[in-house]
Amino acid sequence: MAKADIGLVGLGTMGSALALNIADNSFDIAVFNRTTEKVHSFHDEAGDLADHITPTETLEEFVAALKTPRAIILMVPAGKPVDGQIDALRPLLDDDDLIIDAGNANFHDTIARMECATGPFLGIGVSGGEEGALFGPAIMGGGKREHWDRVAPILEAIAADYKGTPCATWMGEEGAGHFVKAVHNGIEYADMQMIAEVYGIMRDGLGMDMASIGDTFARWNEGPLQSYLVEISGEVASATDSKTGKPILDVILDAAGQKGTGRWTAIEAQHLAAPVPAIEAAIVARNLSSRKDERAMGESLFGAGPQSILQGAVTLDQLEQALIAGKVICYAQGFAMIAAASDNYGWALPLPKIAENWRAGCIIRSAMLDDMASALTEDGTRNLMFAPAFAQYLKDNHGALRQVVSVGTLHGIAMPALASGVAYFDAMRTGRGTADMIQGQRDFFGRHGFGRVDASGDDHHGPWDD
Ligand code: 6PG
């Protein structure tokens, strides 16, 4: 058999889907997996695509099956398995063979791997879940441009397509690709949490049944909120459990899992001093959700928030508007964080291209991203909430966001991400804030110094020692 254009190690859900996608785009691919049976069952089940796939049983056989200079995608669990696989492969490779980590790696690990790599190495973020990997994910690349260019034809062919533009973009050097993927996931967490909070108001505050909630999300998906996450939220709310006949949401345990990428975003945001409160709130909400027993104890101690009492106080239109404002705020925070990292790491991250890259294939794809790309093209240094189109969204909808958060809070319905959105919006439109008090306190107890409104410099002191 002719040598393969590319190799892939790791035939888990994402790896298998990506390998089929590559084969489906008429590239020849060699595959390897730790368990040999998986390699053969994958090949056997590949149907017509099997002709493009070379199953291999050993790493030596795998490496020998590839065209040189080789390009090898790793789709193994993030962390130690990636290092183990690199260590096993490198001695078998030539100096210019390229290893591509396509898992959800922590970008700091990617930077470290690149620093000690003895050959070409790329870190690429792949978004879109199993379906995306199979039919077209969004791909965010990081590493040396010349290495990206070597595999760009394959990555662009397998990526999602937005009106003729492939959603596969080189983001910059080092860990830039995995960093952008982490922020994508941070936004994903915030967007999902805001949707869940609005669902909570419909279910507990307005007493709506799941079918009506599903219909509402479906209707919203026809307007400014059009997005993959709103679309699937409608489908989730409308689905029925085949075992009990109940709405599926009535049988899914309310304890959210997380693999860690969203958390990395929040940790990195703290390092960068980049404010991303909606993302942080979403992570806290997932952490709290997993404390199911404690929450049950709290409910028996303090009582649950009252049911169905928000009719008349909040309308479905206001909920939609609140979600529009919340969405603008959480994307604005994510892009501002990317801008901060770009400066900090010297990556020159292409903000408009990132927005364009997210327009199709990825989990946070949404109609708003096209306008975000235009706004970031006009001025990539401006917070998105100040760009005219998004400022208008906020002017039109922040009142509803405030109403929803106030009424929900008054009645004991937790809305951490939406509430953080109101606080962020208000902080960002307050010319004179309250940090003068913080500075006064710092100077009082530690002589840390402060800036004055009427003089330059930041080492002025108060009268406390007089
Ligand atoms: C994507 C997703 C994906 C992520 C899962 C689970 O872009 O396709 O972000 O990469 O791993 O959605 O993430 P959590 O387990 O952290 O929710």
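Phe217 and Trp220 both lie in helix H9 (residues 210–220), three residues apart, which is about one turn of the helix. The model described here is predicted. This briefing covers aromatic rings, charges over rings, helix packing and backbone features.

**Aromatic pairs**

- A pair of aromatic rings is described by the distance of the centres and the angle of the planes.
- The ring centres of Phe217 and Trp220 are 5.6 Å apart and the planes stand at 90°, so this pair is edge-to-face, given that angles over 60 degrees are classed in that way.
- Phe217 counts as buried because its relative accessibility is 2%, and Trp220 counts as buried at 0%.
- The count of aromatic pairs comes to ten.
- In the pair of Phe179 and Trp347, the centres lie 5.8 Å apart and the planes meet at 50°, so the pair is tilted.
- This pair links distant parts of the chain, as Phe179 belongs to helix H8 (residues 176–205), while Trp347 is in the loop between helix H14 (316–345) and helix H15 (351–357), 168 residues apart.
- Phe179 is buried, with 1% relative accessibility, and Trp347 is buried with a relative accessible area of 5%; the cut-off for buried is under 20%.
- Phe179 and Trp347 belong to one aromatic cluster together with Phe107 and Tyr345.

**Charges over rings**

- Arg286 lies over the face of Tyr189, 3.6 Å from the ring centre.
- The ring of Tyr228 has the charged end of Arg365 over it, at 4.1 Å from the ring centre.

**Packing of H8 and H14**

- The axes of H8 and H14 come within 10 Å and cross at roughly 165°.
- These two helices, H8 and H14, are therefore roughly antiparallel to each other, since angles over 145 degrees count as such.
- The crossing in which H8 passes H14 is right-handed.
- Residues of H8 that meet H14 include Phe179, Val183, Ile187 and Ala190, and the H14 residues in this contact include Leu316, Leu319, Leu323 and Gly326.

**Packing of H9 and H10**

- H9 packs against helix H10 (residues 228–238) at an angle of about 165°, with the axes 7 Å apart.
- That angle makes H9 roughly antiparallel to H10.
- H9 passes H10 in a left-handed crossing.
- Phe217 and Trp220 are among the residues of H9 that meet H10, where the contacting residues include Val230, Ser233 and Gly234.

**Packing of H16 and H17**

- Helix H16 (residues 368–378) and helix H17 (residues 388–410) have axes that come within 9 Å and cross at roughly 125°.
- H16 and H17 are therefore oblique to each other.
- Met368, Asp371, Met372, Ala375 and Glu378 of H16 make the contact with Pro388, Phe390 and Tyr393 of H17.

**Backbone features**

- Most residues other than glycine have a negative phi, and most peptide bonds are trans.
- Thr68 and Pro69 are joined by a cis peptide bond, with omega about -10°.
- Pro69 is located in the loop between helix H3 (59–64) and strand S4 (71–74).
- Ser26 is not a glycine, yet its phi is positive, at about 70°.
- The loop between helix H1 (13–24) and strand S2 (29–32) contains Ser26.
- Lys163, also a residue other than glycine, has a positive phi near 45°.
- Lys163 is placed in the loop between strand S8 (161–162) and strand S9 (165–166), and it counts as exposed at 72% relative accessibility.

Note on methods. Residues numbered from 1 in each chain as written. Predicted model: local features only at pLDDT ≥ 70, side-chain atom pairs only at ≥ 80, totals over all residues. Heavy atoms only, no water. Phe/Tyr/Trp six-rings, centres within 6.5 Å; stacked < 30°, edge-to-face > 60°. Helix = DSSP H or I, 4+ residues; strand = E, 2+ residues; numbered from the N terminus. Buried < 20%, exposed > 50% of the residue type's maximum accessible area, 1.4 Å probe, protein only. Lys NZ or Arg CZ within 6 Å of the ring centre and 35° of its normal. Axes fitted to C-alpha atoms, helices over the stretch in contact; angles between N-to-C directions. Parallel < 35°, antiparallel > 145°, perpendicular 65-115°, else oblique. Left-handed = near helix turned anticlockwise from the far one by under 90°. Contact = heavy atoms within 4.5 Å.
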